[in-house]
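Keep the model open beside the text as you read.

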Amino acid sequence: MLRVFGRDVRSQTARAASGSPEVIVDLLTGAGIVLSRYARRFPEARIITVDLNPRLLSAVSKSLKRQGFKNVETIAGDARELPMPASQADLVNISFGLHELKWLDRELILGEACRILKPGGELIVADYRELSGPVRRAMARVYFILFEPRWIAELFCGGLQGEIADAGFQVEKVRDDLPITRLIVARKVTEEVCMGGLKLVR
Ligand SMILES: C[S@@+](CC[C@H](N)C(=O)[O-])C[C@H]1O[C@@H](n2cnc3c(N)ncnc32)[C@H](O)[C@@H]1O
């Protein structure tokens, strides 16, 4: 759906980042389309890309290196329990990955995002949103039923930003002006506010 209606969404996602992040972590990288936009925008940044699928990560890393980006590191592992120290990242991106996961996994990953961010660090989340208008709503409904997990509606109508706030972030901006996408910019204000997703299950 994004390929058809939202070609510019991924560039807009990377453009939402503020400042000059030195360490960018991309969780649930997939094919790394958004990541390449960050790399172009912040060519000097150290980029850490995380996905369960090592083959995808290897392809993403090779592609970025071919384009001239040298500072790319891959972590083939579980974003619910990152092998990374706390307070390391200036920016964490999670784009079009959370809707594929159930609530507890989303909370664990958002908890880890909070833990690895430096205080003041920025979280950018882009994911599907509900549509307005009867025709568009009906079309999106059919698409979601056919191609996306049944729990995707939990992210709609404030659900996603609520989950981000529950993980300890201060939600600063919610943009609904991009096609089928909700773009959320949030900040880790202090160390203490992180809910640390793993506390939920331990
Ligand atoms: C839809 S893709 C992400 C798309 C991509 N971020 C983008 O912007 O186009 C979802 C990815 O999440 C990864 N994934 C799912 N659960 C994960 C987990 N617990 N830890 C790390 N990666 C995970 C999958 O392997 C898959 O590559």
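Helices (H or I, at least four residues) and strands (E, at least two) are DSSP runs, numbered from the N terminus. This is a predicted model, where local features need pLDDT of at least 70 and side-chain atom pairs count only at pLDDT 80 or more, while totals for chains, interfaces and linings use all residues. Residues are numbered from 1 along each chain as its sequence is written.

Helix 7 spans residues 159–166, and its buried residues are L160, E163 and I164 (buried: 20 or more other C-beta atoms, placed from the backbone, within 10 Å of the residue's own). Seen down the helix axis, these residues fall within an arc of 100°, so they line one face of helix 7; the arc is that of the directions from the axis to the C-beta atoms. Just after helix 7, G168 has a positive phi of about 115°.

I164 is also among the residues with the most contacts inside the largest nonpolar core, which has 52 residues. Such a core is a set of buried Ala, Val, Leu, Ile, Met, Phe, Trp, Tyr and Cys residues joined through C-beta atoms within 7 Å.

Now the chain as a whole:

| Feature | Value |
|---|---|
| Helices and strands | 7 helices and 7 strands |
| C-alpha span along principal axes | about 45 × 40 × 30 Å |
| Buried residues | 40% of the 202 residues |

Conventions: Buried ≥ 20, exposed ≤ 12 C-beta atoms within 10 Å, placed from the backbone.
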